[in-house]
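Please look over the chain below with these notes beside it. They are written for someone who is meeting this structure for the first time.

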Amino acid sequence: VPWFERNFVHARFKAKIKEAIFEMFFFGILYLITLRSNYSSISTSIVFLCITTVRFFASYQKGDWQYCLFLGILGPMIEGCLVELGTFKYNHADLLNVPLWLPLLWLNGGFLARRLFNLKELRNKI
């Protein structure tokens, strides 16, 4: 993560423990929503898109978009490869063996990753 910050973000910030805890809680809620989305992938995707849009306006820190874009692309690609290898499968995969909402879930994971890895308490440990 420090390598990613140095080479792609160019905008470091010091996250607060409250922000990291909020992000973990919020991401947990999003994950729980996905557990209920077995039959409504499009509506879950629309909800996630609205939530993500609001989050970019409400809690955006300079440099967040790089984390969000990177994880929003890389995460679903890796999960799609794992599905192809037969490690697991989604009951209602929409596109390339993954549900439509998965990139948006990973994109929100970018907020979480950035807040966690920029905590002063964790920065020197990684």
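This is a predicted model: local features need pLDDT of at least 70, side-chain atom pairs count only at pLDDT 80 or more; totals for chains, interfaces and linings use all residues.

1. Because Glu-23 belongs to helix α2 (residues 17–35) and Arg-55 to helix α3 (residues 41–58), the pair ties together parts that are 32 residues apart in sequence. Glu-23 and Arg-55 are both buried.

2. Asp-64 forms a salt bridge with Arg-114, and the closest N and O atoms of this pair are 2.9 Å apart. Distant parts of the chain are linked in this way, since Asp-64 is in helix α4 and Arg-114 in helix α5 (residues 102–117), 50 residues apart. Asp-64 is buried, as is Arg-114.

3. The side chain of Asp-64 also meets that of Arg-115 in a salt bridge, at 2.9 Å from N to O. Asp-64 lies in helix α4 and Arg-115 in helix α5, so this pair ties together parts that are 51 residues apart in sequence. Arg-115 is buried, like Asp-64, and a network of salt bridges links Asp-64, Arg-114 and Arg-115.

4. On the surface, Phe-70, Leu-74, Ile-78, Leu-82, Leu-85 and Phe-88 form a nonpolar patch, which together has about 530 Å² of accessible area. Leu-82, one of its members, is placed in helix α4 (residues 64–84) and is partly exposed, with a relative accessible area of 31%.

How values were computed. Residues are numbered from 1 along each chain as its sequence is written. Side-chain values use heavy atoms; hydrogens and water are left out. Patches are made of residues with over 30% relative accessible area and no salt bridge: like charges are joined within 9 Å, nonpolar side chains (Val, Leu, Ile, Met, Phe, Trp, Tyr) within 5 Å. Accessible areas come from the Shrake-Rupley method with a 1.4 Å probe; for residues, only the protein chains shown count as cover. A salt bridge is a side-chain nitrogen of Lys or Arg within 4 Å of a carboxyl oxygen of Asp or Glu. Helices (H or I, at least four residues) and strands (E, at least two) are DSSP runs, numbered from the N terminus. Buried means under 20% relative accessible area, exposed over 50%, partly exposed in between (1.4 Å probe, protein chains only).
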